[in-house]
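Work through the exercises below with the coordinates open. Try each task before reading its solution.

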Amino acid sequence: MQIVYLIIVALVLVLVVVNMFKKKDNLFFQIDAALVMITLLLRLLLIK
Amino acid sequence: MKKIPRHILTASLLCVFVAVMVVVLGISFRSMKEAEPIYPGPGVTGQEMLSKYCPNLKGTAGDTEIYILDSGVPGASMLVLGGTHPNEPSGFISAISLIETVKPVSGILYVIPRANASAFTCNDPQEGSPQRFTIQTAGGERWFRFGSRATNPIDQWPDSEVYVHASSGQTLSGSEIRNLNRAYPGREDGTLTERVAYGITQFIKQHNVTITVDLHEASPEYTTVNAIVAHEDAMDLATLSLWELEDVMKISVEASPKNLHGLTHRELGDYTDTLALLMETANASQGRLHGTVSAEMVVSGQDKFYYRAGQYGALTVDYPETGIGMSERCARHISALNEFCKSYDGPAGTIDLGEMPSYKEIITNGIGAYLASPK
């Protein structure tokens, strides 16, 4: 079961990163995305 | 040379920021996996791992130490569970104090100081609680982790929407699936939390443990606080002990509800022959009315908002302006454990913990006086 959730986390992380690089002239969106990435990465690496 | 678009540059810089933050936070979070040292005292005659009683725990974050303090004189036995909820530290500290200072005269004392070892490796989310707190001992300061109420989600994840207790069918909130004190009697092939519960249940069965006491803390506004919760089989023992304890502290005895499943005082009493008891002291860092939960507050138990709540009559315990400190909370636990041993008069013989500090001595000298010095 855990592996399914990790795949979902990885997928969401990829989408967040892609969106962050695509978004033009919206620094606040990019900062939001970066903050979300921290939590997703910590979970994907099974740290927190 | 082609100029890099501004949004690509900012996104790249933010990725570097994310990487740095993940490293810094990762080091901090992973540091919780380092266990605080416990220094076995002169009474400790052996040590086992819980995986001996549930092999499915071997190599997992749920495996934990069992300290054995065998007097060598046949008699009754007592198992003390500390750290069922690692955010209720007086139970954990009391258990460590027993390991480091007690030398039983008759019977056997078993202590599992970190009953839910996995829950020591994380904090509860959104609580802003400290990772560690310190206690001053005769030979210097010692540090201890302030963990979570539940198993680390890294070790048991995801939670189900609804937690169905295996042996009763009782349904609870999904997050309770990681609460050790809702998992008894446990399952050999269940979740990590259920396996820990199963190991403890099997330990009690195999050693025919006479008395089991699970040490907890509760918020000062909770109804079951400064209390002994007893399975019906242990009610006589709890009541006898209460008569003695009432001379030095305000304390009550409550019956274990028959329809509340998964808890030690219910399931261990139903599924084993042990006399199952649970103790609660008042801890300000537990409740919903406190201010900042700092490492100092965990130890001092002092919180101005709880004091005000007490003035309004909103609490179920007397809450002085100086708070309810760790020493007083441990004094309650340790005095009661000693009294359970003194009051037991059953077929298993006697259990005598030997020379024990009194309630007043622990408060006067501080719990640090009954912990080993750091080495």
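**Exercise 1: a serine in chain B**

Ser300(B) lies in helix α6 of chain B, which covers residues 295–300. The model is a predicted one.

Task: Classify Ser300(B) as buried, exposed or partly exposed.

Solution: 
- Count the neighbours. Ser300(B) has 17 other C-beta atoms within 10 Å.
- Apply the cut-offs. Buried needs 20 or more, and exposed needs 12 or fewer.
- Conclude. Ser300(B) is partly exposed because its count of 17 falls in between.

**Exercise 2: contacts of the serine**

Task: Find which residues Ser300(B) touches, not counting residues up to four places away in sequence.

Solution: 
- Apply the cut-off. A contact needs C-beta atoms within 7 Å.
- Ser300(B) touches Gly323(B) and Gly325(B).
- Then take Glu328(B). Ser300(B) and Glu328(B) are 28 residues apart in sequence, and their C-alpha atoms are 9.6 Å apart in space.

**Exercise 3: chain A and its interface**

Task: Describe chain A, then its side that touches chain B.

Solution: 
- Start with the fold elements. Chain A has 2 helices and 0 strands.
- Take the extents. Its C-alpha trace spans about 40 × 15 × 10 Å along the principal axes.
- Check burial. Of the 48 residues in chain A, 17% are buried.
- Count the interface. Here 20 residues of chain A are in contact with 16 residues of chain B.
- Assign elements. On the chain A side, α1 (2–22) and α2 (27–44) each give two or more residues. The largest share, 8 residues, comes from α2(A).
- Sort by class. The chain A side has 14 nonpolar, 2 polar and 4 charged residues.

Methods. Residues are numbered from 1 along each chain as its sequence is written. Chains are lettered from A and ligands numbered from 1 in the order in which they are written. This is a predicted model: local features need pLDDT of at least 70, side-chain atom pairs count only at pLDDT 80 or more; totals for chains, interfaces and linings use all residues. Two residues are in contact if their C-beta atoms, placed from the backbone, lie within 7 Å. Helices (H or I, at least four residues) and strands (E, at least two) are DSSP runs, numbered from the N terminus. Ala, Val, Leu, Ile, Met, Phe, Trp, Tyr, Cys and Pro count as nonpolar, Asp, Glu, Lys and Arg as charged, and the others, Gly among them, as polar.
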